[in-house]
Amino acid sequence: MENHEGYFHEASFTDPEGNPRTSKVPVVQELARQGLNHLPKRFIRANNTQHPSVKDVVKGFFGLSFEDKKRSVGSYASIDNMGYGRNFVKSEDEPLDWIDRLTMKAAPVGGDEGLNVWPQNPPNFKAVIEKYVKQARNVMDELLEALAEAFSLERNAFLKYFNPENSEMNVRVNYYPPCPRPDLTLGLTPHTDGSVLTLLIQFEASGSLQILKDKQWLTLLWPSHTLLVNVGDLLEIMSNGRLKSPWHRVVTQMDVERFSVALFYNPPSRVEIEPEPKPNQDDDAMEEDGFEKVVVGDYLQHFYRVSPTDEKKAIIYAKAK
Ligand SMILES: O=C(O)CCC(=O)C(=O)O
Ligand SMILES: [Fe+2]
């Protein structure tokens, strides 16, 4: 097995004496501004040479025969689309997303009991992904603290809902094959992530992920082999709207194949999150109305039940009435 320790060893936002590093500021500011940002390479050594094996196992899985991949099909009775297969199907007369995908629960341990969706091949798939997940979790924990501080909240205002045993981490590996008619279909239907934070890496190509800004789709300048952090609905709720989960989608490209790995980080599903009090009236990042308490699992059930939606709507469930 390769040594993975290198991925994240620069991801700390504090120096060895525990003092904050000024360089976390652009990341946090950008997240606050548009809900999405890539972590600069100086934070995360996630370039090609240092984590070849996540890429290798992901490409190895999608390179299997259809029959082999189908062995990882989970139960569609599970609400959160675990296993190998489709994205949300909108309606019969709309094109399906141009994507091949596999979703697994990496945490809590045993959380996917009975689903058997982890692939047997490549043989080191699970071990490699689990190690990556463990390190990614440290990055997200630090980011949650840095974000809370950036909004002058208690340092643990967001992190307090997580715990090492029961927090949830869903892993989704995506393959977007080259598409002969990118004008006719999307790689991934527009959506917000239901998570608190999502951490993404991509392989082989960039330039496909877009966010909606001022009613226009903008292609995210996200260099391959850096990490991308996305704010999910649950963080919008717990921050009481200080942070916004962006509406995003993936477009297809001709003659280009692309792979990505998304980690969705959530508190245990029984935890109730309570939005932080609203800041002063003059904070223009705040909307008129705020959010109400919500149980994580209830929100996610609602999210999957109503998705896909044609605009950002699922979160209305947690809006103050
Ligand atoms: O593949 C990507 O770049 C984005 C994937 C994504 O948005 C998701 O899986 O929720
Ligand atoms: Fe997403």
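So, one bit of bookkeeping before we look: I'm calling Ala, Val, Leu, Ile, Met, Phe, Trp, Tyr, Cys and Pro nonpolar, Asp, Glu, Lys and Arg charged, and the others, Gly among them, polar. On that scheme, the shell around ligand 1 splits into eight nonpolar, four polar and three charged residues.

Keep in mind that this is a predicted model, where local features need pLDDT of at least 70, side-chain atom pairs count only at pLDDT 80 or more, and totals for chains, interfaces and linings use all residues. Residues are numbered from 1 along each chain as its sequence is written, chains are lettered from A and ligands numbered from 1 in the order in which they are written, and side-chain values use heavy atoms, with hydrogens and water left out.

Okay, the ligand. There are 15 residues around ligand 1, and the closest are Tyr 176, His 191, His 248, Arg 258 and Ser 260; to be counted, a residue needs a heavy atom within 4 Å. Now the polar contacts, meaning pairs of N or O atoms within 3.5 Å. The side chain of Tyr 176 has an N or O atom 2.7 Å from an oxygen of ligand 1. For Ser 260 the side-chain distance to a ligand 1 oxygen is 2.7 Å, and for a polar side-chain atom of His 248 it's 3.1 Å.

Which strand gives the most to this shell? That's β11, with four residues; strands here are DSSP E runs of at least two residues, numbered from the N terminus.

Note on methods. A polar contact is a pair of N or O atoms within 3.5 Å; within protein, one must be able to donate a hydrogen and the other to accept it, and residues adjacent in sequence count only if both atoms are side-chain atoms.
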